[in-house]
Amino acid sequence: MKTLYDVQQLLKQFGIFVYVGNRLWDIELMMIELRGLHDGNVIERKTFINAMLVLKEEHYQETLYQEEK
């Protein structure tokens, strides 16, 4: 799992589609959904950690991008 698209595909497997209209909010909602899957023992810890790392990096990059605007 290396990209935001990969995380979206993981969530899609469980019927979770995220689109709020703001990329930063989308990423934050994906984090919440991912935690829910992990807490419910639906996904493995390794998958959860890899996906969260991707989301945290995307969140950081998007925050920097929005601050520059």
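Helices (H or I, at least four residues) and strands (E, at least two) are DSSP runs, numbered from the N terminus. The model is predicted: local features need pLDDT of at least 70, side-chain atom pairs count only at pLDDT 80 or more, and totals for chains, interfaces and linings use all residues. Residues are numbered from 1 along each chain as its sequence is written, and side-chain values use heavy atoms, with hydrogens and water left out.

Helix 1 spans residues 4–12, and its buried residues are Leu-4, Val-7, Leu-10 and Leu-11. Viewed down the axis of helix 1, these residues fall within an arc of 115° (taken from the directions from the helix axis to the C-beta atoms), so they line one face of the helix. In general, an α-helix has 3.6 residues a turn, so residues three or four places apart point the same way.

Met-31 belongs to helix 2 and is buried, at 11% relative accessibility. Beyond its neighbours within four places in sequence, Met-31 is in contact (heavy atoms within 4.5 Å) with Met-52, Leu-55, Lys-56 and His-59.

Glu-62 is situated in helix 3 (residues 45–68). Glu-62 is likewise buried, with a relative accessible area of 11%. When residues up to four places away in sequence are not counted, Glu-62 touches Arg-23, Leu-24 and Ile-27.

How values were computed. Buried < 20%, exposed > 50% of the residue type's maximum accessible area, 1.4 Å probe, protein only.
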